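Good morning, and thank you for coming. Today I would like to walk through one protein chain, beginning with a detail and ending with the whole.

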Amino acid sequence: MSSTHREFDVFLSFSGRDTRRCFISFFYKELCLCNIRTFKDDKELQSGESISPELIRAIEESRFAVVVVSENYTASPWCLEELVKIMELENKGFINVMPIFYGVNPTDVRRQNGKIAEHFEKHDGREDPEKVSLWKQALTKLASISGDRSSKWEDDSEMVDEITERISKKLMIAKPKRSGSKLVEIDRHMKALRRKLDLNSKKSVRVFGIWSRGSYCRSVLAKFLYQDISQHFECHCFLESVKRISQDRHMPHLRQEFLKKIQGDYSSTLRLKNQKVLLVADDVCKLEQIEALAEEFINFGPGSLVIITTQDKQLFKSSGIKDFYEVDLLRFKISELFRQLAFNERDISAAFKSAFFKAKKWFGYVEDPKSKKALIFRFINLTDTLRIFLSQIKNGLLRLMNNMHFFVVSLSNHLVDPYKSEGCSSVQLIDGDGIYNVDSIDHFIKDVKLGECGLSYAVVSIMGPQSSGKSTLLNHLFGTNFVEMDAFKGRSQTTKGIWLARCAGIEPCTLVMDLEGTDGRERGEDDTAFEKQSALFALAISDIVLINMWCHDIGREQAANKPLLKTVFQVMMRLFSPRKTTMLFVIRDKTRTPLENLEPVLREDIQKIWDSVPKPEAHKETPLSDFFNVEVVALSSYEEKEEQFKEQIASLRQRFMHSIAPGGLAGDRRGVIPASGFAFSADQIWRVIKENKDLDLPAHKVMVATVRCEEIANEKFAHFISNDDWRQLDGEVQAGPVSNFGKRLTSILGSCLSEYDGEATFFDEGVRSSKRHQLEEKLLQLVNPAFQDVLGHIRWGMLEKFKASFDKALSIGEGFSSASQDWFKACMAQFDEECAGAIIEQANWDTAKVRDKLVRDIEAHISSVRTSKLSELTSLYESKLHEALSEPVEALLEGANDETWTIVKKLHRRETESAVSGFSSALAGFDIEEETRDQMVKSLQEYSRGVIESKAKEEAGRVLMRMKERFATIFSHDSDSMPRVWTGNEDLRAITKSARSASLKLLSVMAVIRLGDESDNIEKILTVALLDATKNEASKKSITASDPLASSSWDDVPSSRALITPVQCKSIWRQFKTETEYTVTQAISAQEANKRGNNWLPPPWAILALIVLGFNEFMTLLRNPLYLGVIFVAFLLLKALWTQLDIPGEFRNGALPGIISICAKFVPTVMNLLKNLAAEGEAPPVANPENRRSSNNTSSSENPPDHKSSSKKD
């Protein structure tokens, strides 16, 4: 089972009988929509596969197990088997379990009551008793885990949404690739990057950039992003440190590195054309590197993504990368990340408390408080209690190992176990008396086949104080088997002389030398020659020298190794020519001080030692960098944080891979001796060092004082941690505010420091003072979180008091400004008083930042309340204005006339002035700036004008309807508002013109907004353009040349005031005339019908026919209507021929030419008429005859009196 990669995020365990078609279907769909890889048995397994092994594998390959316990869950042996496997993995820390009690009570599940008991009774009769017992235990343990109950939600959808969101958030921590979520604001960066990166894109290869000034921030984010999205690609590759890969090499080497590191299903670069590829190239520094990688881009399939990270933003512009992201500084919340990953967000103290109560059950319940107290003190000293507590810590660390992929500085490297090699032997190169072991080294070189390596080997050595864990470090780092100190036997010399071994699993061949400790008591107080000689020997023959030192020695003048380094530097310059060696300072038992703060101090100390060393003339100006390449790493305590120590060791081990390659960890390789001559070369170097007597310089008194004072300080620090008074005070701080915190803690700290002074009084004063200062700093660093918590309690209490008092003052009618100022002063005075009681005498801590934070919080609350109150006040006056203006303006515009806008202006001015006056008076109590006040008043005035403009625009949109209504009112009613009866005696022309003029008046009023004093001639323009009835034929043919309405704006009227443009006016008028034409036509028809009703004579055509034909012939036509039809058709044909032949026009040139022309055109014209008639007969009928009739009447109704006269003639 992989701890770094899981196939599924969630495994669903459920009873299909109860939940498959309801809750599970909704839940599974929502999980999939959130891109959470979920295993559900009927979806993931293929038909024909054996389900049991597949289910077990699915559980093992899942990060979360969601167990939905429903009514019939325990009835299924299959579900119970799944549960046993899930709880087994949960106990090992390999999976997180989330129970959901769907329709059941967790108490019934825990006690196995009701239906659950019935189910197990059936199982007892059919299944193996041991198996049933395992089922019950698993179910009981599941019910003890805090879960979700369906009864808390009204419907399943809300429950599904909340649980899915919770799982999504937890996955950001539970997934190894998401451990970076405890970086400050990493979520913000990831969200921004996901918005920019369309992972579902099917387009061609996309290139994206990440830029930051700090390489660490950029690389961490790139690695985290790669781990987060690589699952969406078929092939993926992370090229780490392209700058280092391509250093001193040709650019094609990048292609080889890419093909070597790419992961996924591919067999050649040609295969990549069909693959969706992710390539992350980290730390690109040259345009040539991008161009070299670009040669591979063409081989990538659709949807592929290339991410380039660099420190040079100009590189993006040069390479044409337009889309890139800038990264801010990233930091770790180490304590939160450790607690969450190791203890599932529980405090370590909570784990101890849990162990305490479990162990208490062993002793029974004691009623007598004194006996109980004695029993508890006895219990605390028992080994079993400690074992229980440590087991809690062990489980947390185990959970940490399985859940955390990146932690602190190892974010970009996978965790690996120490490489122990069976059969790896070591040899004593130089014994404790300084004798070079020639025979043993020759035998060793033959065993490891060093002579076959040529120049491909490296030498690593380590130096440092005795019992500082040098051998332990080498064994874990290189897989060697040097003898380690037995801590239970006390501190003593373990390594004597110099020992040599070969590293296991590191290429190229790497030899490791373990040196004797530099301050061992076994060699005596004054005999330090050997340790100086061995240190110089290590510097002379090693490519990499590990300087093992304590974290607390950094910055200390008399720290261990400093005198030794000073002497070695001096003698090395005199004995050896410059050969650049890498000195890797390994800081042990690192504290919470960041490495970036420790490293500059250490480098400064090394430079001071170098500058203080007397140098020969040849190296008078030689800088330290010519001799040494200084590197610094930090490791946690092996005893206190073993697993974290191993993780950091695994990360450090990667740096020794290919150490002699260009850009590798090894220093200058010039003049390196071939491997076959290593033994002879080492022998000669040791002889030179042994013969030099200047190395015999004492430095032990300071070292003894250093070690002993350090031990005393550590003892006092450990005693302080376990101090009952301190633990009680810390517990009270966690629970809430504490009175007299500063006084109590000052007393506890003073007692601890006094004990240190009493025990360390006879040691060197400088060392004693330095160690006391370090102890004081460690103690203050330990108690600082409690101090900050106390300040936090005080700040929070004052903020809540201010909020309550301020809101109460406002509710009883006190002025906003006076209330805020009075309570602000009162709360700040109380805050200062309480902070004074929390100050610790030993610390010079400032409460100004917390005070400033409280000030900002109070000001933010005041601002928030002010904004809310002002918003309510503004809304109140805006609603008043809207109520006062909206309906009156609508009514005025509906009955628009010449005085409409004058009345609207007066109404607007009156209501606005009234509202502004009240609004300004109300604002005076809020203590706001005059500019802000003026802006708010101006905004209210603009709102008032906006209400009128909004209503005007609404009415402008209904202008056509209003015009038709006004036309209908005037046209259909007389001056007494009585409906008209068309008798034929009315002047239809005058009535129509009057009605249209009134409608046009409405249109001119609504054309523009007239809230100012400006004048316009829009009404005149509309009257001339739309009511002028004397348009001749020429004007109709050249509308665009003379039409004043052929424009999109009014002259001398800004577009902001225009409601209806001239072109729209013309269009509205045309539509208005079209839609009112029918009313006029109806009036004409009514007049004609009235006249016909009053005439008793037959029609004129009947009288004429009677005269011409005579009475008998006329009666014959009437008796036989067929004759009338024939005559009518003949009339139509003759009329059509008359029109088509244009007979009057043909006879203009004379009778004979006219007859000839008519004869020539007669037959073609007749044929054409017949064709048209046939085509008309085949055409579909007209859908709306009324439209046809109205269109035919349009032209005639332009002049209603003409219709009247024409009807008379007819």
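Predicted model: local features only at pLDDT ≥ 70, side-chain atom pairs only at ≥ 80, totals over all residues.

Met-463 stands opposite Ile-547 in strand β16. This position belongs to the pairing of strand β13, residues 457-463, with β16, which runs in the parallel sense over four bridges.

Which strand pairs with β16 over seven bridges? That partner is strand β17, residues 581-588, and the sense of this pairing is also parallel. Here, Val-545 stands opposite Met-583 in β17.

Let us now consider β16 itself, which covers residues 544-550. In a regular strand, side chains alternate between the two faces of the sheet. In β16, Ile-544, Leu-546, Asn-548 and Trp-550 point one way, while Val-545, Ile-547 and Met-549 point the other way.

Why can we describe this strand as largely enclosed by the rest of the structure? A residue counts as buried when its relative accessible area is under 20%. Seven of the seven residues of β16 are buried, and therefore the strand is largely enclosed.

Finally, the chain as a whole. The protein chain has 1210 residues, of which 44% count as buried. Its secondary structure comes to 46 helices and 18 strands. Among contacts between residues at least 6 apart in sequence, 77% join residues at least 24 apart. The accessible surface of the chain comes to about 63,900 Å², and 52% of that surface belongs to carbon and sulfur atoms.

Key:
Residues numbered from 1 in each chain as written. Heavy atoms only, no water. Helix = DSSP H or I, 4+ residues; strand = E, 2+ residues; numbered from the N terminus. Buried < 20%, exposed > 50% of the residue type's maximum accessible area, 1.4 Å probe, protein only. Contact = heavy atoms within 4.5 Å. Areas by Shrake-Rupley, 256 points an atom, 1.4 Å probe, with all protein chains shown as cover. Pairing = 2+ DSSP bridges.
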